[in-house]
Amino acid sequence: MVREFSAGVRTLFRGFGVWRTRPGLMALGLIPAVIAVIVLAAAIIPLIIGMPSISSWLTPFADRWDEPWRGLLRTAVGLVVVAAALALASSVFSALTLTIGDPFYQRIWHAVEVDLGHPPATDGGGFWTTVGEGLRLVVLGILIALLVLVLGLIPAVGGVLAPVMGVILTGRLLARELTGRAFDARELSPSDRAVLFSGSRARVLGFGVATQLCFLIPGGAIAVMPAAVAGSTMLARDMMTRRPLPAATAPSDAAAPPAVAPPSPDGRR
């Protein structure tokens, strides 16, 4: 499992390698990430600045506590709220960036598919498909943020458990979302995707956690997003190679060219 998790982390770094071969195309992928970061910063920065007041408002029962217990409690509550906000911000950032930058990321995805050989014939969905997937990502991000808040209320371990689970759950969600274009282009059904993910759980998690941790670094989300799109394409191809889909999902024989009967010994068919 550790080896597979590490392979997923390395897949993200393979995505960074695309900068060497297609620097201009990857640079275009920075533009929507910058826009998304500016939008989210307008919400996250005031939240962090006002966290002492928010923590006090959430814990009025601690007003009569002695120090340092009152301060420790409110610091822990503030950290949990920030962890939940960052988990939600990561999902919103990905949804917003992928929607704004759909034409750019589609070109990155296609370039990687071409480099890997045998690219799919379709483009993986249009603008409205991207919008729908982005909304789904935001909804799931809200659920993860609420779960992080609940976990943060667990005495003693909540302050550590909540951020860790936030990174794991959000990372897994990011990996599944970023690989969606490669699977959409191949018209894979939800059951087909479930088969692929079941065969590469640790690898998918390694890729997603590495991506999420990079997103948490100041400025990291901007630099990582193009590489994450490229790496997720490689991850999807790895998943399909490691666990080929059942024959029922392959093109039917009717799509193949008709067989030609071999000539008879006298030259007639």
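**Helix contacts and salt bridges**

L47, I48 and I49 in helix 4 meet M51, P52 and I54 in helix 5 (contact: heavy atoms within 4.5 Å; helices: DSSP runs of H or I, at least four residues, numbered from the N terminus). This contact comprises six nonpolar residues, no polar and no charged (nonpolar: Ala, Val, Leu, Ile, Met, Phe, Trp, Tyr, Cys and Pro; charged: Asp, Glu, Lys and Arg; polar: the others, Gly among them). The model is predicted: local features need pLDDT of at least 70, side-chain atom pairs count only at pLDDT 80 or more, and totals for chains, interfaces and linings use all residues. Residues are numbered from 1 along each chain as its sequence is written, and side-chain values use heavy atoms, without hydrogens and water.

Helix 9 (residues 158-178) also meets helix 12 (residues 201-216), with axes that come within 7 Å and cross at roughly 110° (axes: lines fitted to C-alpha atoms over the stretch in contact; angles: 0 to 180 degrees between N-to-C directions). The two helices are therefore roughly perpendicular (65 to 115 degrees).

The structure holds 12 salt bridges (a side-chain nitrogen of Lys or Arg within 4 Å of a carboxyl oxygen of Asp or Glu). One joins E4 and R203 at 3.1 Å, N to O. E4 lies in helix 1 and R203 in helix 12, so this pair ties together parts 199 residues apart in sequence. Both E4 and R203 are buried (under 20% relative accessible area with a 1.4 Å probe, protein chains only; exposed is over 50%, partly exposed in between). R193 and D184 form another salt bridge, their closest N and O atoms 2.5 Å apart. R193 and D184 are buried as well. Shared partners join E4, R14, R203, D238 and R242 into one salt-bridge network.

Methods. Angles under 35 degrees count as roughly parallel, over 145 as roughly antiparallel, 65 to 115 as roughly perpendicular and the rest as oblique.
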